[in-house]
Amino acid sequence: MAGFTLTQLCKSFGHTMVLNEISLEASDGEFVVLLGPSGCGKSTLLRIIAGLEAQSSGSVNIGNRVVDSLPPRDRDIAMVFQQYALYPHLTVRENLAFGLKMRKESTAVIEKRIGDAAELLEIHELLDRKPKELSGGQRQRVAMGRAIVRKPKLFLFDEPLSNLDARLRASMRVELKKLHQRLGVTMVYVTHDQIEAMTLGEKIVVMDQGHILQIGTPDQIYHHPINPFVAAFIGNPPMNLIEGSVHLEGQYLEFHAGDFALRLETHAHIETAIHSDSAVLGIRPEDIKLDIPSEPHLTLSGFIDVVENLGGDHIVYLISQEQHLTARTTPNSRRRAEDPITAYVPLQKLHVFVNQVRIPLELYYH
Amino acid sequence: MTKPLPERLMLLVGIVFAVLGSLLPFIWFVLTSLKSQIQVEAIPPTWWPDGSLEFYYSALFDHELFNYIWNSVIVASATTIIALVIATPAAYALARIRLAGKVWVLGGLLCVAMFPQIVIAGPVWQILERIGGLNTHWGLVLPYVTLTLPLAVWILATFFKELPVELEEAAQIDGCTTWQALYKVMLPLAAPGIFTAAILTFIYAWNEFFFALLILTDPAKQTLPVGIALFQGEFTMPWGEIAAASVLATLPLILLVLLFQRGIISGLSSGAVKG
């Protein structure tokens, strides 16, 4: 077991830069999620760590060992692929044994490791079957088993759940989490699914267009997104983002977007005035309250556009001062479309981004 | 979905005609081979043979057919093995590795496969004479390998392309070198393609007549097609023996194809439907 360090990794295919100065550190046993839209370079980054792809520059260090010149087989890693990549001509048992045989482990060790992995993943009765006789979820387990038996320093997962249906994905997610807790080994997990990232990750790395935008715990990423992209990418329904202009001076914050105007008094005194026409105001749907909160808040009046009933929650689409907003609230059967509505947003829940960068408003509201 | 009866009947008749049409010459040879000399020369010709095996005996022992069969086995097997040993890594490289001008290599191969034999007959003969390959088996295997390689490479490259890259990458992470990944994972999976390429190569080498005639003039070295063609003497046309020998020459191919039928079918139809 070991952590890893990536130092200024760059990768280009021809003239296309797919990874730009990626530096990242993970400690021993950490669950790191690489999150981003397709084409952001997250899979390429994983493949560089695996040694399946060579970086254009920069360095990969796994367990205090620079592995840049080592082929995948010598990096002491295991990888679970999106398409499972089980060897179709071998039985499950042979699939699990393959990597151990290549490393010339004794038969006794191989038997023991396969037994342990089969027990952990509950795949005992599948051992003598061929991959084509397995369901998607079973194949996924075997693919994980093949990684586990090797006892590698580092586990790499390339969107391993994206081929499963929603229900199975949810249960495999939980199993993966348990697996990580039991094995305590460093894992790198690539996904475009923000729910997987939030639930599995101890450290989330949000990427876009070959850059790392933000590294943080799920809470940090969710509550303090560094820019509007991260803010919109995490959370479901996505954060309400209103584009407009902002003026911060003295004790006042003013935000304008067409008819939508906002003037707030802060608790701190802002020394240097900030003014920008490229500002974004962000409000998470669950932070739009329909009951008056006790803390200082902002009041929005408007009317209901659509109500979506999710059973446990209602998603209320409302229009206030020509802005379309989404609110997630507790159910209330009396809400009807076109009814007038008053909504409240606690001030410390507002996110303000100026020129694509977060203004730490929480400093101003205590 | 079942079709209406008239349509099915027409289909059946069509199939029977097609099969009979293509089998007729062969059926006639089989019948002829089982006749006696008197029946062969009878006018009008008789259809049903009396089941005499005299032509088989004569072909095998008077005309030394075993010798030709043995030569053919050597030449066809050697061609198949050498062609596949070369074609497999070549096809793998063409299918997998990012190479500049790959399209040109594949296109070039296809062009080579289309050369009329007569165009290269002269140069081949001259080269073989220069390096002492005339009247040797290896001298025949050499052009055979050259001529069958393009097809074998194409078939195998198609196969390798269809195998998911992840399998190979999984193998590499599991501890394989590129070569080990090729022969431990990719080769077993490409087995249908390898069978197909092997059988087509073998059939080509087994049936080939022109180069065999050109290169092998020593009867002790000649292969089946040439040997059988030279059964006829200056004044004789031993139809019965030729028929019997032809049947014996064809049998191994039929057996081979039947044996590997399933592999070949999936081989030839691969690429048509993603499986």
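Predicted model: local features only at pLDDT ≥ 70, side-chain atom pairs only at ≥ 80, totals over all residues.
Visitor: How do the strands of a sheet hold together, and in which order do they stand in chain A?

Guide: Strands of a sheet pair through backbone hydrogen bonds, either parallel or antiparallel. In chain A, 6 strands make an open sheet with mixed pairing, and their order is S5-S6-S7-S3-S8-S9. S5 and S9 (211-216) of chain A are the edge strands; each has a single partner strand, so one side of each lacks a neighbour in the sheet. On average, neighbouring strands of this sheet are turned by 15 degrees against each other, direction ignored.

Visitor: How many bridges join S5(A) to S6(A), and in which sense do the two strands run?

Guide: S5(A) and S6(A), the latter made of residues 154-158, run parallel and are joined by 4 bridges. Within S6(A), Leu156(A) is the bridge partner of Met79(A). S6(A) and S7(A), residues 186-191, pair in the parallel sense over 5 bridges.

Visitor: Are the residues on the two faces of strand S5 of chain A buried or exposed?

Guide: Both faces of S5(A), residues 77-80, are covered. Ile77(A) and Met79(A) on one side are buried, as are Ala78(A) and Val80(A) on the other.

Visitor: Which helices lie across S5 of chain A?

Guide: H1(A) lies across S3, S5, S6, S7 and S8 of chain A, and runs at about 150 degrees to S6(A). Helix H4 of chain A, residues 136-148, lies across S5 and S6, running at about 175 degrees to S5(A).

Visitor: How are two packed helices described, and what is the case for H9 and H10 of chain B?

Guide: Two packed helices are described by the angle between their axes and the distance between the axes. H9(B), residues 178-189, and H10(B), residues 191-207, pack at an angle of about 70 degrees, with axes 4 Å apart. H9(B) is therefore roughly perpendicular to H10(B). Leu187(B), Pro188(B) and Leu189(B) of H9(B) make the contact with Ala191(B), Pro192(B) and Ile194(B) of H10(B). By class, this contact of H9(B) with H10(B) has 6 nonpolar, no polar and no charged residues.

Methods:
Residues numbered from 1 in each chain as written. Chains lettered and ligands numbered in written order. Heavy atoms only, no water. Buried < 20%, exposed > 50% of the residue type's maximum accessible area, 1.4 Å probe, protein only. Pairing = 2+ DSSP bridges. Axes fitted to C-alpha atoms, helices over the stretch in contact; angles between N-to-C directions. Contact = heavy atoms within 4.5 Å. Parallel < 35°, antiparallel > 145°, perpendicular 65-115°, else oblique. Nonpolar A, V, L, I, M, F, W, Y, C, P; charged D, E, K, R; others polar.
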